[in-house]
4 protein chains.
Amino acid sequence: MTPQEFVDRTRETTPLVGVLGFAVEALGPGTARVRVPFRGDFARSGGTVSGPILMALADYAMYGALMNVIADAEHAVTATLNINFLRRPAARDVIAEAQLIRCGKRLAFGEVMLFSDGEAEPVAHVTATYSVPPQASQPVLKTNFRARS
Amino acid sequence: MTPQEFVDRTRETTPLVGVLGFAVEALGPGTARVRVPFRGDFARSGGTVSGPILMALADYAMYGALMNVIADAEHAVTATLNINFLRRPAARDVIAEAQLIRCGKRLAFGEVMLFSDGEAEPVAHVTATYSVPPQASQPVLKTNFRARS
Amino acid sequence: MTPQEFVDRTRETTPLVGVLGFAVEALGPGTARVRVPFRGDFARSGGTVSGPILMALADYAMYGALMNVIADAEHAVTATLNINFLRRPAARDVIAEAQLIRCGKRLAFGEVMLFSDGEAEPVAHVTATYSVPPQASQPVLKTNFRARS
Amino acid sequence: MTPQEFVDRTRETTPLVGVLGFAVEALGPGTARVRVPFRGDFARSGGTVSGPILMALADYAMYGALMNVIADAEHAVTATLNINFLRRPAARDVIAEAQLIRCGKRLAFGEVMLFSDGEAEPVAHVTATYSVPPQASQPVLKTNFRARS
């Protein structure tokens with residue numbers, strides 16, 4: 001699945017993707033990079049991006065990272081999501097970089113780092129588990145995405 | 001702060017509150033009940049509510065629960081949020097019931113249960129910590145909101 | 001399974017239970033109360049109980065809460081555990097009260113409150129998910145353990 | 001602080017460190033590598049390491065990663081810890097690799113990967129936040145430990 005196919009497909013099934021204007025910049029087996037454009041109605045006073053926008057973005061990026069790993073990935077659903085807010089985002093686009101860490105038969109687990117556009121320091125860190133659809137968890141391309149070097 | 005004052009205030013500082021149409025049904029010291037109306041563009045195919053809507057709702061309800069507990073609560077910011085999705089929400093309003101469990105000098109911690117309107121079984125469970133503004137964490141009305149009976 | 005059977009069984013399969021001296025005070029369908037006795041080698045300087053003791057206790061109590069809910073519960077394994085430390089425990093026994101919130105076909109989810117013996121205010125709050133053994137998740141006595149009243 | 005100083009100091013203040021036999025293999029500013037030796041009384045039937053041993057190990061490694069970053073780090077306390085169990089550990093030593101991601105004035109946040117000795121694939125992933133002692137959070141050597149390249 002290409003970034004464009006992923007966006008087209010999810011805009012249909014999940015209109016929120018279009019509402020929030022998510023742009024998928026890269027999609028690999030177990031990885032995804034997604035941007036949310038800055039908009040005034042996503043801001044919080046003082047010029048920052050609202051926390052729920054970051055959560056939505058991370059969830060979507062993690063979902064994208066699953067797309068090229070398991071069959072029937074579209075039926076995967078988030079089981080748990082844990083976010084740590086690390087610093088106040090700037091009033092600009094936010095970019096999510098998702099990486100799958102482990103994909104088992106029942107649960108997939110990964111991590112997302114969120115950055116203000118142009119900044120090196122993360123604004124938030126997310127881990128999430130997805131429930132893998134039972135009928136179609138094969139083929140798993142690889143089960144480990146972040147091994148020790 | 002009354003439910004209406006809270007909605008008015010947060011709609012100004014955080015336009016997303018208005019975009020999502022959050023309705024605050026109750027606001028006590030350490031508690032809040034908030035409803036998000038069902039809308040087609042918050043749905044996910046198959047007739048359910050999108051996960052990020054639940055996360056946004058829980059975060060807002062928890063924020064509301066802090067309002068009548070600490071001075072300067074508006075400057076509290078979410079530090080961590082952990083959500084467990086428990087079952088597929090129905091295609092209808094979702095209601096969040098937030099309860100503060102502990103409010104310390106630096107961190108407040110609470111729990112939110114999310115329900116499909118009219119259902120007794122939760123669709124998701126959230127815990128969150130908020131960073132309490134240093135200059136204004138007093139008065140804490142009470143520090144414990146869920147003690148052992 | 002009675003408290004005594006649970007202790008006997010887990011002391012065999014998991015010697016750590018004996019090492020830590022866990023005492024199971026109550027065991028119901030979806031609930032458990034477990035005590036860890038205070039001991040000098042579990043302390044942290046200044047007279048408090050070490051954090052990992054609390055985590056071990058919560059995990060064990062949650063496991064106990066599953067025992068009378070699903071068949072083959074002994075083969076359930078912890079999938080995720082999230083702990084929030086709320087206040088410094090006193091230098092005395094700690095008691096965990098675990099309550100299952102949801103038991104699905106693949107994942108069980110519950111919550112544990114931890115108290116210093118004799119205190120009403122929790123020292124820590126834990127949520128955890130368990131992976132339910134596929135071959136034996138039936139019978140589920142009830143699927144909801146904490147519904148809205 | 002050297003690995004040996006850290007072990008000596010923590011064995012005094014937290015006897016559990018000695019009970020569990022933690023060996024600190026490396027300690028840098030914002031990083032730590034710690035090993036727990038395999039022992040029969042840490043096992044779970046079927047030949048694996050008990051989950052609470054992994055949680056204790058991760059918490060200790062994260063604590064070590066803080067030692068050379070902030071003054072008075074010994075008074076830091078764990079605020080939240082989130083563990084995802086990824087695969088069954090082998091019946092052998094487990095190694096934790098901790099990395100601080102962000103150290104602010106009030107909270108430090110980091111990540112720990114846990115490996116069975118000799119394996120490249122993680123057995124568990126942990127994130128944790130520590131409450132930084134107010135009087136001594138300076139000097140922070142650097143605030144960001146995992147920036148985007």
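I count two residues as in contact if their C-beta atoms, placed from the backbone, lie within 7 Å.

**Ground rules.** I am working with a predicted model, in which local features need pLDDT of at least 70, side-chain atom pairs count only at pLDDT 80 or more, and totals for chains, interfaces and linings use all residues. Residues are numbered from 1 along each chain as its sequence is written, while chains are lettered from A and ligands numbered from 1 in the order in which they are written.

**Chain A on its own.** I looked up the contacts in chain A with a separation of 6 or more, and 67% of them are between residues 24 or more positions apart. Next came burial (20 or more other C-beta atoms within 10 Å of a residue's own, C-beta atoms being placed from the backbone): 54% of the 149 residues in chain A are buried.

I then went through the elements, taken as DSSP runs numbered from the N terminus, helices being H or I of at least four residues and strands E of at least two. Chain A has three helices and eight strands, and their order from the N terminus is α-α-β-β-β-β-α-β-β-β-β.

**Where A meets B.** How many residues of chain A are in contact with chain B? I find 26, facing 26 residues of chain B. On the chain A side, α2 (16–20), β3 (43–44), α3 (51–67) and β5 (77–85) each supply at least two residues. The largest share, nine residues, belongs to β5(A).

**Across the strands.** I followed β5(A) over to β5 of chain B (residues 77–85): the two run antiparallel and are joined by five bridges. Strands pair here if DSSP finds at least two bridges between them.

Notes
A residue is buried if 20 or more other C-beta atoms lie within 10 Å of its own, exposed if 12 or fewer, and partly exposed in between; C-beta atoms are placed from the backbone.
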